[in-house]
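Please keep the sequence and the 3D view at hand while reading.

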Amino acid sequence: MRKEEVNSFQTKKMYRAKEVAQLLGIGLSTVWLFAKQGKLTPKKLSEKVTVFSIDEINKNFGLEVVA
């Protein structure tokens, strides 16, 4: 993913699994694998909506934090 795309992604604090996959350049199933392995912490907002924290993604995967 280009740096400009990463910067635009980092304006939000929480991301759906599909957005995390795009941000990290991985498949959707890998996002859920990382959640199962404890590399990402899913947060349930409702029965069908799960999100992930951009702060945790930045910390665990070394993405640049944009102020």
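Phe 34 touches Ile 26, Lys 39, Leu 40 and Phe 61, leaving out residues up to four places away in sequence; contact means heavy atoms within 4.5 Å. Phe 34 lies in helix α3 and counts as buried, at 13% relative accessibility. Buried means under 20% relative accessible area, exposed over 50%, and partly exposed in between, with a 1.4 Å probe and protein chains only.

## Basis and confidence of the model

The model is predicted: local features need pLDDT of at least 70, side-chain atom pairs count only at pLDDT 80 or more, and totals for chains, interfaces and linings use all residues. Residues are numbered from 1 along each chain as its sequence is written, and side-chain values use heavy atoms, with hydrogens and water left out.

The term pLDDT denotes the predictor's confidence in each residue, from 0 to 100. The average for the protein is 85, and 79% of the residues score at least 70. Confidence is highest in α3, at a mean of 97, and lowest in helix α1 (residues 3–9), at 56.

## Overall architecture

The protein has four helices and three strands. Helices (H or I, at least four residues) and strands (E, at least two) are DSSP runs, numbered from the N terminus. Read from that terminus, the elements follow the order α-β-α-α-β-β-α.

Of the 67 residues, 30% count as buried. Among contacts between residues at least 6 apart in sequence, 44% join residues at least 24 apart.

## The sheet

Strands of a sheet pair through backbone hydrogen bonds, either parallel or antiparallel. Here, three strands form an open sheet in the order β1-β3-β2, with antiparallel pairing. The edge strands are β1 (14–16) and β2, each of which pairs on one side only. Two strands pair if DSSP finds at least two bridges between them. Three bridges link β1 with β3, and in β3 the bridge partner of Met 14 is Ser 53.

Strands β2 and β3 (residues 50–53) pair over two bridges, and a hairpin joins β2 to β3 through five residues. In β3, Val 51 is the bridge partner of Lys 43, while Thr 50 is that of Lys 44. Thr 50 and Phe 52 point one way from β3, Val 51 and Ser 53 point the other way, and all are buried.

Is Lys 44 buried or exposed? Lys 44 is exposed, because its relative accessible area is 56%. This residue lies in strand β2 (residues 43–44). Apart from neighbours within four places in sequence, Lys 44 is in contact with Val 49 and Thr 50.

The side chain of Lys 44 also reaches the backbone oxygen of Glu 47 at 2.8 Å. A polar contact is a pair of N or O atoms within 3.5 Å; within protein, one must be able to donate a hydrogen and the other to accept it, and residues adjacent in sequence count only if both atoms are side-chain atoms.

## The nonpolar core

In soluble globular proteins, nonpolar side chains tend to be buried together. A nonpolar core is a set of buried Ala, Val, Leu, Ile, Met, Phe, Trp, Tyr and Cys residues joined through side-chain atoms within 4.5 Å. The largest such core has 12 residues: Tyr 15, Ala 17, Val 20, Ala 21, Leu 23, Val 31, Phe 34, Ala 35, Leu 40, Phe 52, Ile 54 and Ile 57. Helices α2 (17–24), α3 (28–37) and α4 (54–61) each supply at least two residues of this core. The largest share, four residues, comes from α2.

Which residues of α2 are buried? They are Ala 17, Val 20, Ala 21 and Leu 23. These residues lie on the same side of α2, because they cover an arc of only 165 degrees around the axis; the arc is that of the directions from the helix axis to the C-beta atoms. Gly 25, whose phi is positive, near 70 degrees, follows α2.

In α4, the buried residues are Ile 54, Glu 56, Ile 57 and Asn 58. The buried residues of α4 pack against β1, α2 and β3. Ser 53 caps the N-terminal end of α4, with a side-chain oxygen 3.2 Å from the backbone nitrogen of Asp 55. After α4 comes Gly 62, whose phi is positive, near 70 degrees.
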